[in-house]
Amino acid sequence: MKNENYILNYFDNSFCLQVVKLNESYYIYLGDLSMEMNNLSLSLLSDEEKKENSSMNIIEDDEISGSYSTILAKSLSLKLNTPIFLSMNVNNEKLL
């Protein structure tokens, strides 16, 4: 297991990014320093040859950032060709 932490600055906002490389997948957290899992999405490869995957929200505290979490998890899963667990705890006003 490999764990990396970053602080991202976006205009006047700071976000914490944590990337944990698990055996055959990644856990990614994007949000504030509380590290709470308000939104958690999972994206799994369903067909490697056709480059398709399936995504779902496990925890959805907020509809907008929950949707972004699912879309981002799906995109990363297709790009990295591996399952992605993505927790996104970002205030909606900071997303839009």
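Reader: Which residues does Ser25 touch, not counting residues up to four places away in sequence?

Author: Ser25 touches Val20, Thr82, Pro83 and Phe85. Contact means heavy atoms within 4.5 Å. This is a predicted model: local features need pLDDT of at least 70, side-chain atom pairs count only at pLDDT 80 or more, and totals for chains, interfaces and linings use all residues. Residues are numbered from 1 along each chain as its sequence is written, and side-chain values use heavy atoms, with hydrogens and water left out.

Reader: Where is the place of Ser25?

Author: In the loop between β2 (13–21) and β3 (26–31). Helices (H or I, at least four residues) and strands (E, at least two) are DSSP runs, numbered from the N terminus.

Reader: Is Ser25 buried or exposed?

Author: Buried, with a relative accessible area of 9%. The cut-offs: buried is under 20% relative accessible area, exposed is over 50%, and partly exposed is in between (1.4 Å probe, protein chains only).

Reader: Other serines. What about Ser69 in helix α1?

Author: Ser69 is in helix α1, residues 63–80. Ser69 counts as buried at 0% relative accessibility. Leaving aside neighbours within four places in sequence, Ser69 is in contact with Asn39, Ser41, Leu86 and Met88.

Reader: And Ser75, buried or partly exposed?

Author: Partly exposed, at 42% relative accessibility. Ser75 is also in helix α1.

Reader: Switching to the fold. In what order do the elements run from the N terminus?

Author: β-β-β-β-β-α-β-α. That gives two helices and six strands.

Reader: How do β3 and β6 pair?

Author: In the parallel sense, over six bridges. Two strands pair if DSSP finds at least two bridges between them. Leu30 has Met88 in β6 as its bridge partner.

Reader: Why is β6 described as largely enclosed?

Author: Because five of the six residues of strand β6 (residues 84–89) are buried.

Reader: Which residues make up the largest nonpolar core?

Author: Nine in all: Phe15, Leu17, Ile28, Leu30, Ala73, Ile84, Leu86, Met88 and Val90. β2, β3 and β6 each supply at least two residues of this core. β6 gives the most, with three. A nonpolar core is a set of buried Ala, Val, Leu, Ile, Met, Phe, Trp, Tyr and Cys residues joined through side-chain atoms within 4.5 Å.

Reader: What does Ala73 touch?

Author: Ser41, Ser43, Ile84 and Leu86, not counting residues up to four places away in sequence. There is also a second, separate core of five residues, which includes Val20, Tyr27, Tyr29 and Leu40.

Reader: Electrostatics next. How many salt bridges does a search of the whole structure find?

Author: One. Glu4 pairs with Lys2, with the closest N and O atoms 3.3 Å apart. A salt bridge is a side-chain nitrogen of Lys or Arg within 4 Å of a carboxyl oxygen of Asp or Glu. Glu4 is partly exposed at 28%, while Lys2 is exposed at 51%.
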